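The following report describes a single protein chain for a reader who has the sequence and coordinates at hand.

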Amino acid sequence: MPVFQPMAEKLRPTTFDGFVGQKHLVGEGALLRRLVERDTVPSMVLWGPPGVGKTTLARIIAGKTQSEFVNFSATQHGIKEVKAVMERATTAQLWGKKTIVFVDEIHRFNKGQQDAFLPRVEDGSVILIGATTENPSFEINSALLSRCKVFLLYALKTEEVVELLARAVAHFAQDNNCQIHIDEGLLDIIAQFCGGDARMSLNTLEIALNSAIIEDGGTKVTEELVQQVVSKKINLYDKKGEEHYNIISALHKSMRNSDPQAAVYWMCRMLDGGEDPLYIARRLVRFASEDVGMADPAALVQANAAYQASHFNGMPECGVNLAQAVVYLSLAPKSNALDAAYHAAMEDIAKSPNEPVPLVIRNAPTKLMKQLNYGKGYQYAHDHESKITNMQCLPDNLADKTYYTPTSQGREARIAEHMQNLENLRKNR
């Protein structure tokens with residue numbers, strides 16, 4: 001009885017000529033291709049989203065290298081198996097033979113398992129090829145990572161996926177000795193639905209082909225059928241992984257760039273992925289002070305209101321509350337003057353954390369404190385018509401420091417003018 005193979009596995013290329021995408025790595029003259037063709041591959045990490053060719057690249061390397069090739073899966077093998085392979089690699093090195101170890105999902109290996117590779121990678125008895133969907137900076141030991149070349153793989157372009165799907169249709173027709181009728185536009189829909197994931201695209205097409213209408217003229221894949229197959233895309237948003245940080249960064253930077261269209265999109269991506277709306281609301285509260293500040297003090301009120309509304313309404317009702325705040329913050333005038341003031345003050349405190357409070361503004365609740373000149377010369381602002389004095393309130397070493405410098409954006413233009421008037425009054429005192 002024949003063993004069933006998914007279409008994605010059947011069509012996995014074994015040479016670079018059949019490989020789709022990643023031209024920056026495997027195109028004619030590209031670095032990785034040259035290294036593989038010369039059998040001089042270094043230890044490396046292949047980093048990219050699912051279905052972009054990491055495992056396929058490893059298998060192409062396996063087919064071209066003169067080394068012993070060992071295939072590992074971090075979900076199936078433990079430290080015992082790792083150490084056994086390392087011992088065999090050491091023996092093979094004595095006979096002048098290299099060992100290439102491919103570890104799929106290497107980010108799932110714990111520190112101890114990763115550490116087991118380190119001495120063998122360092123002495124050259126093992127060439128490690130790790131594949132990961134997670135940022136290797138966070139998931140792979142720094143000592144091991146420093147000995148590996150990181151190759152970044154990208155999600156396939158729509159036209160690249162369409163090319164792959166067209167090949168698959170021809171292969172399916174040949175295998176089943178039938179004609180396949182499917183418009184290229186439907187292949188485009190499948191490609192867009194799968195977001196650059198070749199494996200998901202092929203699996204989706206396979207479902208459509210296996211459930212297609214059989215007519216006298218062959219097998220027909222209709223638009224209605226494709227719509228049924230792609231009715232719901234699995235959201236790859238990971239609330240604890242790198243994509244979480246990528247998308248919150250995209251939201252923050254879109255608002256900072258005064259782009260409400262992009263900001264609403266990224267916020268909705270987070271909500272659709274199951275993000276806690278209160279997390280988004282807290283980030284909006286932070287943004288209101290960090291990037292808008294005194295240019296529009298009402299921004300903080302709006303952000304706080306969105307937090308309260310999200311707490312009160314919950315999902316999905318609070319989505320529109322968050323959208324209101326996101327649009328408001330995107331369109332508000334921008335100033336980072338408050339954020340700059342905060343960090344500048346904290347930097348001075350870090351350098352000199354114990355600057356003394358000037359005597360003039362210290363309280364003097366006891367006789368001894370008064371004898372030590374606590375509060376001597378204090379000027380009560382309300383005793384003056386202008387409500388301002390020339391009294392020094394900063395420590396002596398920081399007397400001339402300026403932390404908050406308003407911009408010309410929004411209300412800060414008026415605040416800047418007001419601060420200058422206060423300074424003039426202070427000098428005239």
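## Strand pairing around β1

V45 stands opposite V150 in β5. The model is a predicted one, in which local features need pLDDT of at least 70 and side-chain atom pairs count only at pLDDT 80 or more, while totals for chains, interfaces and linings use all residues. Residues are numbered from 1 along each chain as its sequence is written, and side-chain values use heavy atoms, with hydrogens and water left out.

Strand β1 (residues 44–47) and strand β5 (residues 149–152) pair in the parallel sense over 4 bridges. Strands are DSSP runs of E with at least two residues, helices are runs of H or I with at least four, and both are numbered from the N terminus. Two strands are said to pair if DSSP finds at least two bridges between them. Strand β1 also pairs with strand β4 (residues 126–132), in the parallel sense and over 4 bridges; here L46 stands opposite A131.

In a regular strand the side chains alternate between the two faces of the sheet. In β1, M44 and L46 point one way, whereas V45 and W47 point the other way, and all are buried. Buried denotes a relative accessible area under 20%, exposed over 50%, and partly exposed a value in between (1.4 Å probe, protein chains only).

The loop between β1 and α4 (54–64) holds P49. Because its relative accessibility is 33%, P49 counts as partly exposed. The C-alpha atoms of P49 and T132 are 8.0 Å apart in space, although the two residues are 83 apart in sequence. Beyond its neighbours within four places in sequence, P49 is in contact (heavy atoms within 4.5 Å) with K54, T133, L153, Y154 and A155.

## A three-stranded sheet

A further open sheet consists of 3 strands in the order β6-β8-β7, with mixed pairing. Its edge strands are β6 (180–181) and β7 (213–215), each of which pairs on one side only. Strand β7 runs antiparallel to β8 (residues 218–220), and 3 bridges join them. Within this pair, K220 of β8 is the bridge partner of I213.

## The chain as a whole

The protein chain has 20 helices and 8 strands. Its radius of gyration, taken over C-alpha atoms, is 32 Å, well over the 22 Å that the globule rule gives for 429 residues, so the chain is more spread out than a compact globule. That rule is 2.2 Å times the number of residues to the power 0.38. Along its principal axes the C-alpha trace spans about 100 × 65 × 40 Å.

Of the 429 residues, 42% are buried. Among contacts between residues at least 6 apart in sequence, 73% join residues at least 24 apart. The accessible surface, from the Shrake-Rupley method with a 1.4 Å probe, comes to about 24,200 Å², and carbon and sulfur atoms account for 52% of this area.

With a relative accessibility of 60%, D383 counts as exposed. D383 and L153 are 230 residues apart in sequence and 69 Å apart in space, C-alpha to C-alpha.

Helix α15 (residues 277–292) contains D291. Because its relative accessibility is 7%, D291 counts as buried.

| Side chain | Partner side chain | Distance |
|---|---|---|
| D291 | H252 | 2.9 Å |
| D291 | R256 | 2.6 Å |

Not counting residues up to four places away in sequence, D291 touches H252, R256, P333, K334 and S335.

Helix α17 (residues 318–331) has 14 residues and should span 20 Å at 1.5 Å a residue; its end C-alpha atoms are 20 Å apart, which agrees. The expected span is 1.5 Å times one less than the number of residues. The buried residues of α17 are C318, G319, N321, L322, A323, A325, V326, L329 and S330. For S330, the relative accessible area is 0%. Leaving out residues up to four places away in sequence, S330 touches M255, S258, D259, P260 and A263.

Note on methods:
Polar contact = N/O pair within 3.5 Å; in protein donor to acceptor, adjacent residues only side chain to side chain.
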